Number of protein chains: 2
Amino acid sequence: MNVAKSFKELSASQKINAQNKIVMPGLINMHCHAADSLFRGLVEELSLEAWLQKVWVAEKAILTPETTYTGSVLGFAENLLAGVTSIMDMFWYPTEAVKAANDLGMRISTGGIFFDYPGIGNRSHEDFLQEAEKFFEDYNSNEAVFPAVMPHGSYTVSPEHLKEAKKIAAKYNGLYHIHAAETLTEQSDINERYGESVIRHLHSHGLLDQQAILAHCVHLDDTEIQLIADNESVVVHNPMSNLKLGSGIAPIDKMFEAGVTLTLGTDGAISGNDLDMWLTMRLAASLPKGNTLDPKVMNAKTVLHMATLNGAKALGKEDKLGSLEVGKIADFIFIDMDKIHAVPVFDPITHLVYSACKSDISDVFVGGKQVVKGGVICTLDINNVVEEVRALSPKIAASLV
Amino acid sequence: MNVAKSFKELSASQKINAQNKIVMPGLINMHCHAADSLFRGLVEELSLEAWLQKVWVAEKAILTPETTYTGSVLGFAENLLAGVTSIMDMFWYPTEAVKAANDLGMRISTGGIFFDYPGIGNRSHEDFLQEAEKFFEDYNSNEAVFPAVMPHGSYTVSPEHLKEAKKIAAKYNGLYHIHAAETLTEQSDINERYGESVIRHLHSHGLLDQQAILAHCVHLDDTEIQLIADNESVVVHNPMSNLKLGSGIAPIDKMFEAGVTLTLGTDGAISGNDLDMWLTMRLAASLPKGNTLDPKVMNAKTVLHMATLNGAKALGKEDKLGSLEVGKIADFIFIDMDKIHAVPVFDPITHLVYSACKSDISDVFVGGKQVVKGGVICTLDINNVVEEVRALSPKIAASLV
């Protein structure tokens, strides 16, 4: 195809100068709890289990549908400014997250949560079931929402409830997002309760398939890796959160070798302290090298695919998202190449993974519509939200005293 | 002391608005090869040893005193924009590095290199000796230069030459900077040649003392850690470079427990791809947590000290640098707290280590003189240097073809 000629034949209502910028597909953040940005830095330097006990106390004291909306805008705005155009978010009031993403102009995958302990809003399992089903009814035909069910984990949701959640997802052909094998403590807890490891447990109950999206997978044996690969389930790697909580270093090099579909996530800012997919890419490429003493594992191109095309595949939208191709949706971003850490550049792929950073993103487009221009969000006034969060901060700080 | 009253009694010729900014001491980057920024991204995804063979070919083809100056400005400017006010740099033409740092308005520790193989400039050991001595003569009374000798490593410099370098340093009470125990290959090479490990080898030859500054120390046994601690030598941790080259993860938590003086470095941009002390701090605090499964090791305050006060101590300037105190030199920086990843903040220390990033640095002062204002270098026109590097890029790319 003569590209130059075909470009000449096109007309455009808007022309954008992208001189000295890399144009690439928007990033896909496959694991986040955006509204937890309200609690950024509140609970520090604890293991997942001790940390969760405090997180839940703070969440209980602060979260309403209104504050969840505010926190979601805060978290999604940080993602959007860093070039994330689609995000998978697990949180207590998913319709508030949808509203926040919609107001910012991002795509979101979320849906009804499941949690067997007293969670936020004191909802029963019956309430969660109804809300999960209603979510699919409300959003199943929305172009910017990819509905899912979101059982928290196999250590917080019984096998029966995990299966009921799956039933709803299956009815609507929806995604199934769950925390899995994040810590050694979780693995021994599940082993003790059910006599098998986390991934085997999920598999025993028929929960591993193409629509299962497993966040973390830090502690796996070879059989578990093979189970995930054989069932074509998706793993979301969250290296910053896993390091910070002392959860460990996920064996993504082994999973990659086994053919697992690997994607990337930031987790929430309450564990990793920011929501930076560029840092996530860099760690995904660098950590396995340091951990295995092999600088050739997880090369830059593989990791760039994790943050783009593999996310699209995980969302079931490989035909629409994740790369810049004729016929796909125009979700794309500009990377500023005038920063001093972009001098010189010999290979744009390794530049993007090893040198670029979140503050290099100048412009973001979702579905062809500009949502970030020159590093500023166009769709809403983020300063109002920042002021709301600052006003709420003393109450948040007091929630753990 | 009534601080408000004492402030009122002071007068100032310049008043600076630091509203909504953190003011803190400038960072001290204790291991860099700034001019290697010319080769950023040129040699990717190889182990240290295979990588060095290519690096040396590219350096040989490109480096002159003039290009070394240009590359040094490029590398130091990236450091300065990220809030680094003092830097230890090891490179082939140290007087060019001094000139570059001086033109930008930074403090530098550098000095004569030692290297037993055909290096850049085809200098003999006698040449290196003369240059090292001359460097002390020229800079020993310069306020912004902390002279050192810089033998490359125990695998590239013979014990006799290592000791001759030490003799010069000792004569002038100067620092002794060397790569040490970076890879397993280096450890087995030294073991094979000399029958003992790298740190024992340095100790056997009387090279471990308070002025020995050891870059890397990734592979150490407990005895080596104790040797470093007992001799009060300094370790520079370069986590990004160590990950990227597949060198490994340094046991800084064990070194900290043993009482070793730990500092931080970026290494050169040819291994780590950028020169970011904020990423370095974040990794120094997070990697050991993930590696040991203990979220309490290497807390934020400890790591902030590594990047400031411990650097000052390593340079022998604890009385002048590394903290903001009456009587110390005014090397300080402003951190912008209006970025979205700075909302909310409950603790400034954990914010600085886990959330802040290089693009948050708005202003930098060295010795009370403003050198970066609103994210722009005031001391020289960096755009000229950027254009020079871009013009040189095709020749750099061709150097390895």
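Reader: How much area do chain A and chain B bury between them?
Author: This is a predicted model. The size of an interface is often given as the accessible area lost when the parts come together. Of the area buried here, 64% is on carbon and sulfur atoms. For chain A and chain B the value is about 4800 Å².

Reader: Which residues in chain A lose the most area to chain B?
Author: Three residues of chain A stand out here. Together they make up 16% of what that side buries. They are Glu45(A), Ile340(A) and Phe346(A).

Reader: How many residues of chain B are in contact with chain A?
Author: Contact here needs heavy atoms within 4.5 Å. By that rule, chain A brings 64 residues to the pairing. On the side of chain B the count is 64 residues.

Reader: What salt bridge does Lys289(A) make?
Author: Six salt bridges cross the interface of chain A and chain B by the rule. The cut-off is 4 Å from nitrogen to carboxyl oxygen. The side chain of Lys289(A) comes to 3.9 Å, N to O, in a salt bridge. Its partner is Glu45(B).

Reader: How many residue pairs are in polar contact between chain A and chain B?
Author: The count takes pairs with both residues at pLDDT 80 or more. It comes to 27 residue pairs.

Reader: Which element gives the largest share of the side of chain A that touches chain B?
Author: Elements giving two or more residues to this side include H3, helix H10 (239–244) and helix H17 (382–398) of chain A. By class, the side has 31 nonpolar, 20 polar and 13 charged residues. The largest share is eight residues, and it comes from H13(A).

Reader: Which residues of helix H9 in chain A are buried?
Author: Buried means under 20% relative accessible area. The cover over the buried residues of H9(A) includes helix H7 (184–194), strand S8 (212–216) and helix H11 (252–258) of chain A. In helix H9 (residues 222–230), the buried ones are Glu224(A), Ile225(A), Leu227(A), Ile228(A) and Ala229(A).

Reader: Which residue caps the N-terminal end of H9(A)?
Author: Look for a side-chain oxygen 3.1 Å from the backbone nitrogen of Thr223(A). That oxygen belongs to Asp221(A).

Technical notes
Residues are numbered from 1 along each chain as its sequence is written. Chains are lettered from A and ligands numbered from 1 in the order in which they are written. This is a predicted model: local features need pLDDT of at least 70, side-chain atom pairs count only at pLDDT 80 or more; totals for chains, interfaces and linings use all residues. Side-chain values use heavy atoms; hydrogens and water are left out. Buried area is the accessible area (1.4 Å probe) that two parts lose on being put together, summed over both. A polar contact is a pair of N or O atoms within 3.5 Å; within protein, one must be able to donate a hydrogen and the other to accept it, and residues adjacent in sequence count only if both atoms are side-chain atoms. Helices (H or I, at least four residues) and strands (E, at least two) are DSSP runs, numbered from the N terminus. Ala, Val, Leu, Ile, Met, Phe, Trp, Tyr, Cys and Pro count as nonpolar, Asp, Glu, Lys and Arg as charged, and the others, Gly among them, as polar. Buried means under 20% relative accessible area, exposed over 50%, partly exposed in between (1.4 Å probe, protein chains only).
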